[in-house]
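Me: I have a protein model open and want to talk it through. Can we start with what holds the middle together?

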Amino acid sequence: MKTLISSLILFIMLIPSIAMAEIKVVATLPTLGAVARAIGGEDVKVETLATPTEDPHYVDPRPDYVLKLSKADLLVYNGMELEIGWLPALQKNARNAKVLDSGPGAFDASRYITPLGVPATKVDRSQGDVHAQGNPHYTYALPEVVRVASALSDKYQKLDPDHADKYKQRLEQFKATAKARDAVYQKRFASLDSRQIITYHDSMVYLNQWLKLDQVGTIEPKPGVAPSPSHIAQLVTTLKSLSPKAIIQETYQPKATSEKIAKLLNIKVVAIEPGPKDNEDYFVYLDRVIESFF
Ligand SMILES: [Zn+2]
């Protein structure tokens with residue numbers, strides 16, 4: 001009887017360790033979370049910090065984020081200082097060496113992309129420019145996201161070699177879906193009568209490069225700096241001699257100025273969500289973004 005009870009206790013003690021064989025991932029942003037789920041499948045458990053409607057520059061650091069980070073094996077973050085205003089304090093307070101920048105579980109996704117907008121000379125953040133390390137908004141561009149997915153598959157394989165084949169397979173599936181989607185999107189954008197766009201925040205440069213759009217103006221004079229009346233007046237004068245198709249902005253940005261300018265130019269305002277909804281597939285989200293342009 002005693003043996004049976006001790007075997008039973010041992011068995012119960014083993015259950016959690018079996019169930020917790022998966023990698024515990026925390027992703028800062030919904031797009032990174034969706035990619036982490038797509039490549040990790042049932043071998044990972046992904047939690048995402050920022051909500052699908054939040055400005056990634058200014059995420060509200062809720063207290064439960066520290067708890068999530070304290071238990072994480074892997075922190076997947078955007079980098080290029082996008083999360084500089086809120087992530088470092090969470091990393092520090094989580095007291096989990098794995099997810100510090102220098103830790104084995106820190107995954108700075110920006111290391112695997114081809115950065116755009118990196119200033120040739122040092123930019124002083126005190127002037128309000130929030131893109132001092134280059135433009136951090138690469139997750140709107142499929143080719144960059146594929147690079148991140150590829151590096152993430154490698155990282156999973158290192159952390160969990162037993163399931164290496166599954167991480168490789170999911171990446172191949174992801175790449176195949178991306179290739180098919182890319183062909184469809186390229187065709188759709190090729191049919192546009194004008195490829196000129198205006199953006200509110202300078203967050204579309206990677207998407208512009210990918211889909212061959214021509215950004216002819218930004219409503220913010222500098223990333224993170226609110227537009228002044230004189231900047232708007234000058235912008236409208238410039239735009240009148242061009243033929244922009246639309247003003248693209250994120251749903252979290254104020255719409256009044258965009259709508260005023262759009263009315264003057266007789267074009268539309270397209271408001272895109274910064275990332276997938278909870279548990280939404282990355283490609284389903286991307287379809288929604290692309291669809292909103294037309
Ligand atoms: Zn930005």
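**The core and what surrounds it**

Reply: Val25, Val35, Ala36, Ile39, Val76 and Ala149 touch the most other members of the largest nonpolar core, which has 60 residues. Such a core is a set of buried Ala, Val, Leu, Ile, Met, Phe, Trp, Tyr and Cys residues joined through C-beta atoms within 7 Å. Buried means that 20 or more other C-beta atoms lie within 10 Å of a residue's own; exposed means 12 or fewer, partly exposed is in between, and C-beta atoms are placed from the backbone. This is a predicted model: local features need pLDDT of at least 70, side-chain atom pairs count only at pLDDT 80 or more, and totals for chains, interfaces and linings use all residues. Residues are numbered from 1 along each chain as its sequence is written.

Me: Which helix gives the most to this core?
Reply: Helix α5 (residues 142-159), with 7 residues. Helices (H or I, at least four residues) and strands (E, at least two) are DSSP runs, numbered from the N terminus.

Me: And where does this core lie relative to the domains?
Reply: Between them, because domain 1 (2-181) and domain 2 (192-292) both give residues to it. Those bounds come from an automatic or database domain assignment.

Me: What does Ala36 touch?
Reply: Val25, Ala27, Val44, Val46, Val76 and Leu152, leaving out residues up to four places away in sequence. Contact here means C-beta atoms, placed from the backbone, within 7 Å.

Me: Back to the domains. How many residues are in contact across them?
Reply: 29 residues of domain 1 are in contact with 26 residues of domain 2. On the domain 1 side, α2, α5 and α6 each supply at least two residues. The largest share of that side, 5 residues, comes from α2. The domain centres, taken over C-alpha atoms, are separated by 28 Å.

Me: Tell me about α6. Which of its residues are buried?
Reply: Tyr167, Arg170, Leu171 and Phe174. They pack against α2 (30-40) and α5.

Me: How far apart are the end C-alpha atoms of α6?
Reply: 39 Å, which agrees with the span that its 27 residues (164-190) should have at 1.5 Å a residue. The expected span is 1.5 Å times one less than the number of residues.

Me: How many bridges join β5 to β7?
Reply: 3, between residues 196-199 and 246-250. Ile197 has Ala246 as its bridge partner in β7. Two strands pair if DSSP finds at least two bridges between them.

Me: And β1, which strand do bridges join it to?
Reply: 5 bridges join β1 to β2 (residues 44-48), and the two run parallel. Ile23 has Val44 as its bridge partner there. β1 (residues 23-27) is largely enclosed by the rest of the structure, because 4 of its 5 residues are buried.

Me: Last one, the whole protein. How many helices and strands?
Reply: 10 helices and 8 strands. Of its 294 residues, 34% count as buried. The C-alpha trace spans about 90 × 40 × 35 Å along its principal axes.

Notes:
Contact = placed C-beta atoms within 7 Å.
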